[in-house]
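Have a go at each task before you read its solution.

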Amino acid sequence: MPALLSSLTAVERLAAHASALPPEFARALGEDLEYARFGAALPELPWFGGWSHGLQAWFGRGEAPVFARLFRERAPVAFGLKAAELVANGALVGTDAGLAFLAGHFTQLAVVRSLEPSVQRLSVMHRQPKETVAAARGRIEWVQSLFLMQELHGSTLVGTSAVRSKLQIRKDSGPKGIGRGLYELIRVASHEAVGETPTKLEVDGWMRGLYLFSLALGSPLGKLKGMNGAAPRELYRGPDVDVWSAVEGALDTTRKALGVLGGLIRRNSFTPRSRAKVLELFPEGPPDVPMPRPSAPEGEAAQGELQ
């Protein structure tokens, strides 16, 4: 959960420069930005479920929920590729909604992987007395997300109603659950990629928990989750980290991946050879899997798939 706002902010950055994307993804982000937010938020959503309905996310304590670990660590690229195959076949959800979901999924994946090396270092270097490494990690990721929001918007927005719109992952802002088609997309992709699937009731519970969390974060109570001037800025930009640059680099990787993925979807080709083109940019594995160095100037790989 602590990295949620960073992923959602990155999705907004992607949408703001949609002209750099394949036309179908640019259109989808313009029409269905909420679905892109949902795709980016999905690995964090299990924090908002269960009996706590967002309390675990608010306090950031305890072990990550099962599906939060599975979605982030087990086979996130296989999950995205299966979802893309379903979208290419016109199954379960509308095309624009499905494309937006994929854009969010791969944005989140790129951002998490780009930040992971520095987060691991900082979690050891800045761990407070009696604080576990996991707790330090959650605190640092949350602080980074607030600094990122502040740099982009001039304010963290926490404690104001404006932050609620940043957490809106449905077309409406009510406490409803997920649509049946989108749930089936998640269920089928999850079954193939990780061998387990959340129930619709579970996912609906995650959605309601996030809604309650957004209400609290956008109220005066939300200021308790702010930085209060105490967070060291070197957690965001310093000798060991530059979150803004890491996110921008992640977005470059996302654009290249969506260029390749767009070609697969248009040709409806998901053979092992076709999938390998995505895996060259996103090797399968957890957030700390080594990422390949760029081998072509920005946009060149994506442009090749668009021709």
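A residue counts as buried under 20% relative accessible area, as exposed over 50%, and as partly exposed in between, using a 1.4 Å probe and protein chains only. Helices (H or I, at least four residues) and strands (E, at least two) are DSSP runs, numbered from the N terminus. This is a predicted model, in which local features need pLDDT of at least 70, side-chain atom pairs count only at pLDDT 80 or more, and totals for chains, interfaces and linings use all residues. Residues are numbered from 1 along each chain as its sequence is written, and side-chain values use heavy atoms, with hydrogens and water left out.

**Exercise 1. Work out how enclosed helix α3 is.**

Step 1: list the buried residues. In α3 these are Glu34, Ala36, Arg37, Phe38, Gly39, Ala40 and Ala41.

Step 2: compare with the helix as a whole. Seven of the nine residues of α3 are buried, so the rest of the structure largely encloses this helix.

Step 3: find the packing partners. The buried residues of α3 pack against α1 (4–16), α2 (23–31), α7, α9, α10 and α11.

Step 4: zoom in on one residue. Glu34 belongs to helix α3 and has 17% relative accessibility, so it counts as buried. Contact means heavy atoms within 4.5 Å. Leaving aside neighbours within four places in sequence, Glu34 is in contact with Gln168, Ile169, Arg170 and Lys171.

**Exercise 2. Classify the aromatic pair of Phe38 and Phe101.**

Step 1: know what to look for. A pair of aromatic rings is described by the distance of the centres and the angle of the planes. Rings of Phe, Tyr and Trp (its six-membered ring) pair if their centres lie within 6.5 Å; planes under 30 degrees apart count as stacked, over 60 as edge-to-face and the rest as tilted.

Step 2: search. The whole structure holds nine aromatic pairs.

Step 3: apply the cut-offs. The ring centres of Phe38 and Phe101 are 6.1 Å apart and the planes stand at 35 degrees, so this pair is tilted.

Step 4: Phe38 is in helix α3 (residues 33–41) and Phe101 in helix α7 (residues 95–125), 63 residues apart, so to speak a link between distant parts of the chain. Phe38 is buried, with a relative accessible area of 1%, and Phe101 is buried at 1% relative accessibility.

Step 5: look at a second pair. Phe106 and Phe282 are tilted too, with 5.6 Å centre to centre and 55 degrees between the planes. Phe106 is in helix α7, while Phe282 is in the loop between α13 (272–281) and α14 (300–306), 176 residues apart. Both Phe106 and Phe282 are buried.

Step 6: look for a group. Phe38, Phe67, Phe71, Phe79, Phe101 and Trp206 form one aromatic cluster.

**Exercise 3. Describe how helices α8 and α12 pack.**

Step 1: take the geometry. Axes are lines fitted to C-alpha atoms, for helices over the stretch in contact, and angles run from 0 to 180 degrees between N-to-C directions. Helix α8 (residues 133–153) and helix α12 (residues 243–267) pack at about 80 degrees, with their axes 10 Å apart.

Step 2: name the arrangement. Angles under 35 degrees count as roughly parallel, over 145 as roughly antiparallel, 65 to 115 as roughly perpendicular and the rest as oblique. The helices α8 and α12 are therefore roughly perpendicular to each other.

Step 3: list the residues. Gln144, Leu148, Glu151 and Leu152 of α8 meet Val243, Trp244 and Val247 of α12.

Step 4: sort them. Ala, Val, Leu, Ile, Met, Phe, Trp, Tyr, Cys and Pro count as nonpolar, Asp, Glu, Lys and Arg as charged, and the others, Gly among them, as polar. The contact of α8 with α12 divides into five nonpolar residues, one polar and one charged.

**Exercise 4. Are Lys130 and Leu157 buried or exposed?**

Step 1: check the backbone. Most residues other than glycine have a negative phi. Phi of Lys130 is near 70 degrees, a positive value, and phi of Leu157 is also near 70 degrees.

Step 2: locate them. Lys130 is in the loop between α7 and α8, and Leu157 is in the loop between α8 and α9 (162–166).

Step 3: Lys130 has 90% relative accessibility and counts as exposed, whereas Leu157 is buried, with a relative accessible area of 11%.
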